[in-house]
Number of protein chains: 2
Amino acid sequence: MSNIITPTFKDIINSYERIKRYSHNTPVLTSKSINNILNTNIYFKCENFQKVGAFKFRGAINSILSLSKDELQKGVATHSSGNHAAALALSAKIANTKAYIVMPKNAPDIKKKAVKSYGAIITYCEPALEARETTLNKIVKKTGATFIHPYNNFNVISGQGTAAYELINKIPDTDIVIVPVGGGGLLSGTAIAAKGLNKNIKVFGAEPKNADDAYQSFIHKKLIPSDNPITIADGLLTSLGTMTFEIICKNVDNIFTVKEDTIIKAMKLIWERMKIIIEPSSAVPLAAIIENNVLFKNKKIGIILSGGNVDLSDLHYFNNL
Amino acid sequence: MSNIITPTFKDIINSYERIKRYSHNTPVLTSKSINNILNTNIYFKCENFQKVGAFKFRGAINSILSLSKDELQKGVATHSSGNHAAALALSAKIANTKAYIVMPKNAPDIKKKAVKSYGAIITYCEPALEARETTLNKIVKKTGATFIHPYNNFNVISGQGTAAYELINKIPDTDIVIVPVGGGGLLSGTAIAAKGLNKNIKVFGAEPKNADDAYQSFIHKKLIPSDNPITIADGLLTSLGTMTFEIICKNVDNIFTVKEDTIIKAMKLIWERMKIIIEPSSAVPLAAIIENNVLFKNKKIGIILSGGNVDLSDLHYFNNL
């Protein structure tokens, strides 16, 4: 298909060995009441309990630990307003190097605060992608820092694959793994890990209908980016990259798109029945199971709950703090 | 002191053996960031993940499984608007008998719905305690059902003690166990379990300053009920009973009272750092550690997170559902 070198199953195993000292082997939870409602056996891999509250830590720490000594000294850089920024900042702190993070001026305060708390060097820019890239390029040129792309990156994808690797090693008779897809780093790593462990496991992506670039790209076999999508699943706004597109086309069995209403219902189901906090993006796979219930009946299904970073300030308990 | 027969450590062990087929041995979670902030080693026993979302299931199922065949056939009854009602309703369903629940008319819809969903027979009454007791007495007289008091009951206390029993068996070098105190069922059972396993473990209660009857009763060595207390910790409004008072005086090392602000801060800390949902009452022990930090430094502390039943409807994600 192309000249892009993509990770193999061996790269996932190597990444797992590389990062396991630093990342949490997060718990796998089940919910009898959700299983009763949906007639399924779902295993939730709780990456909301991962460091920085999201699976993104795996890819970020894996990338940093893969740098040469010389590269490491010059630091890392990225542009992001989300979990990847926090993950890269914490990973840089752990590896005792610098993280240069380019953030749009209008990023939520809560995200700015998180990145700052890990000691990153933040540069604010205009919100448009072009401004973010220009600002980042200047920083990379000046500092020699290595740009760590949030998903279209060999070591990031390999790192993200370690979550499914842990999950399936724990539940070896998994029939299906289903994960949310935004830029595709998690889905790519998951597919390589799952098929490497057992080629009979079905690997599905799930994304909001309102940001269905992965679905469109997957069925038309060419990259079709979303144009300013709007969805409650704010971690899934980005479109596939060249590397993740190639891996997904080769290794993923299907991509489901879901309605906004179902995402919210799935999220509430997890909060209420499991008493855990997940962000909307994490609820997208369960939403796909709700909307396509018949396909999942009596199956053993692994879901990666991608993260738990939500703004709680409007909950009545907290809105006077 | 009195003629009241109180449970022994042996009763806790027997209860554990009796209920373990039905209750979850809930996970024990830790939080590096909370430990870093407070300079402690805290082990959180997650009874928010227990059936009906609260430790109350333990006492309720233990009481029902302790009934004679004849008693069981006639069913059980209680007056409660909280977690005990749901716990008794589910326990009765499991044991294939009837639960008669007297609830104040003005109980929150979410609680009425939960109790109804377990198939209980609900009788609504005026909110005052007198009306609740009169209504309950009529039902007991008519049906022959056994009244299961929410906390001032031998088998309820023994059942609640199984949470600390599991926790300390998992973390045998625990220095301190600290749990919220309302009616005192959890604190009583915890004290018997902890002292039975290791008499050097300190057992503390924690309650809101705004509902400090346990503290007042504990230091004055006589029952001093609260008069219509108001606190965000809505599970801790009730006052000690004769049996729990006696056990607490004999077995508990201290009771801490905490401010409302600290309860909310502690609750937010757990939601944000641990990504789990707890109700305000569950946050009271952590609030006591925050307010008295120096006493807890470098200690291994077990906390029982008593429950996770909160109304999420005003969170922006859910308020249009």
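Select chain A: among its contacts (heavy atoms within 4.5 Å) between residues at least 6 apart in sequence, 72% join residues at least 24 apart. This is a predicted model, in which local features need pLDDT of at least 70 and side-chain atom pairs count only at pLDDT 80 or more, while totals for chains, interfaces and linings use all residues. Residues are numbered from 1 along each chain as its sequence is written, chains are lettered from A in the order in which they are written, and side-chain values use heavy atoms, without hydrogens and water.

Stay on chain A and colour by secondary structure. There are 14 helices and 10 strands, which are DSSP runs (helices H or I, at least four residues; strands E, at least two) numbered from the N terminus. Then show the C-alpha trace, which spans about 55 × 50 × 40 Å along its principal axes. Of the 321 residues in chain A, 58% are buried, meaning under 20% relative accessible area with a 1.4 Å probe, protein chains only.

Next, select the contact between the two chains: 29 residues come from chain B and 29 residues from chain A. On the chain B side, pick B:Lys275, B:Tyr317 and B:Phe318, which lose the most area to chain A, together 25% of what that side buries. Buried area is the accessible area (1.4 Å probe) that two parts lose on being put together, summed over both; for chain B and chain A it is about 2700 Å², with 73% from carbon and sulfur atoms.

Technical notes:
Buried < 20%, exposed > 50% of the residue type's maximum accessible area, 1.4 Å probe, protein only.
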